[in-house]
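The following note sets out a number of points for a colleague examining this model.

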Amino acid sequence: MSATDSKVAGALAAEHMAELIGGEGEVAIVGHSNINSTGVERRDGFVEKIEADFPDIKIVDIQYGDGDHLKSADIAKTLIAAHPDLKGIYGTNEGSAIGVVNAVNELGLEKGKITIVGFDSGAAQINAIKDGTMAGAITQDPIGIGAQVVQAAYDAANGEDVEEFYDTGSYWYDSTNLEDEDIAAVLYE
């Protein structure tokens, strides 16, 4: 199988969140699924990294909006109201993250008051990063996934051993590297 290691990607999101909020404070997660493996792993990778390496960061709540913009926005508004000291929110997929962005905009919060870290790509997240509403996001490598699948199939057809799982990588992108050739290649609108 060839895919992004979602736990590694979730941990990468946690590292950037921790750095962005100065290594302390309250954060919350708006997840897209507590059943689907990507949702579970992106959440767990984040939670485990925070718990292991950032003792001064407290995850105050984890809610699920099924990746739906409207549901995720409602959840984010509730989280923000319930936790006035909230420093950051992590959205585990495009729909979750855009829901958080929409919530912050609808509440009229100043850009950056809440650090938003997203996942996946898409025009809405790219624009939210460009305008400063969102700090950054994790993207997968769709080209790498395809290339790895073809290579593994070729190797298997030629009687070579193939790995059970290939991690095709995950990348952090934000306003500083959006235009980089390597990052631009893995972003999809």
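1. A residue is called buried under 20% relative accessible area, exposed over 50%, and partly exposed in between. Tyr188 has a relative accessibility of 32% and therefore counts as partly exposed. This residue belongs to the segment after helix 7 (181-184). Its C-alpha lies 9.3 Å from that of Ile126, although Tyr188 and Ile126 are separated by 62 residues in sequence.

2. The coordinates under discussion are those of a predicted model. The protein chain contains seven helices and eight strands. Of its 189 residues, 49% count as buried.

3. Six strands make up an open sheet with mixed pairing, in the order 3-2-4-5-6-8. The edges are taken by strand 3 and strand 8 (170-174); each has a single partner strand, so one side of each has no neighbour in the sheet. On average, neighbouring strands of this sheet are turned by 20 degrees against each other, direction ignored.

4. Which strand is joined to strand 5 by three bridges? The partner is strand 6 (residues 136-140), and the two run parallel. Phe119 has Ile138 of strand 6 as its bridge partner, and Gly118 stands opposite Ala137 in strand 6.

5. Five of its five residues are buried, so strand 6 is largely enclosed by the rest of the structure. The cover extends to both faces: Gly136, Ile138 and Gln140 are buried on one side, and Ala137 and Thr139 are buried on the other.

6. Two helices may be described in relation to the sheet. Helix 3 lies across strand 2 (25-31), strand 3 and strand 4 (86-91), and its direction is at about 160 degrees to strand 2. Helix 5 packs on the sheet as well, where it touches strand 5, strand 6 and strand 8; helix 5 makes an angle of about 45 degrees with the direction of strand 8.

7. Helix pairs form the next topic. Two packed helices are described by the angle between their axes and the distance between the axes. For helix 1 (residues 6-20) and helix 2 (residues 37-53), the axes come within 7 Å and cross at roughly 45 degrees. The two are therefore oblique to each other, and their crossing is right-handed. Helix 1 contributes Ser6, Lys7, Gly10, Ala11, Ala13, Ala14, Glu15 and Met17 to the contact, while helix 2 contributes Thr38, Glu41, Arg42, Asp44, Gly45, Phe46, Glu48, Lys49 and Ile50. Sorted by class, this contact holds six nonpolar, four polar and seven charged residues.

8. Helix 3 (residues 69-82) and helix 4 (residues 94-106) also have axes that come within 7 Å, with a crossing angle of roughly 55 degrees. These helices are therefore oblique to each other, and the crossing of helix 3 and helix 4 is right-handed. On the side of helix 3, the contact involves His69, Ser72, Ala73, Ala76, Lys77 and Ile80; on the side of helix 4, it involves Glu94, Gly95, Ser96, Ile98, Gly99, Val100, Asn102, Ala103, Val104 and Glu106. By class, the contact of helix 3 with helix 4 comprises seven nonpolar, six polar and three charged residues.

9. Asp66 has a phi near 60 degrees and is located in the loop between strand 3 (57-64) and helix 3. Asp120 has a phi near 80 degrees and is located in the loop between strand 5 (115-119) and helix 5 (123-130). With 12% relative accessibility, Asp120 counts as buried.

10. Is Ser121 buried or exposed? Its relative accessible area is 2%, so Ser121 is buried. This residue is placed in the loop between strand 5 and helix 5. Apart from its neighbours within four places in sequence, Ser121 is in contact with Glu94, Ile126, Thr139, Tyr173, Leu187 and Tyr188.

Conventions. Residues numbered from 1 in each chain as written. Predicted model: local features only at pLDDT ≥ 70, side-chain atom pairs only at ≥ 80, totals over all residues. Heavy atoms only, no water. Axes fitted to C-alpha atoms, helices over the stretch in contact; angles between N-to-C directions. Helix = DSSP H or I, 4+ residues; strand = E, 2+ residues; numbered from the N terminus. Parallel < 35°, antiparallel > 145°, perpendicular 65-115°, else oblique. Left-handed = near helix turned anticlockwise from the far one by under 90°. Contact = heavy atoms within 4.5 Å. Nonpolar A, V, L, I, M, F, W, Y, C, P; charged D, E, K, R; others polar. Buried < 20%, exposed > 50% of the residue type's maximum accessible area, 1.4 Å probe, protein only. Pairing = 2+ DSSP bridges.
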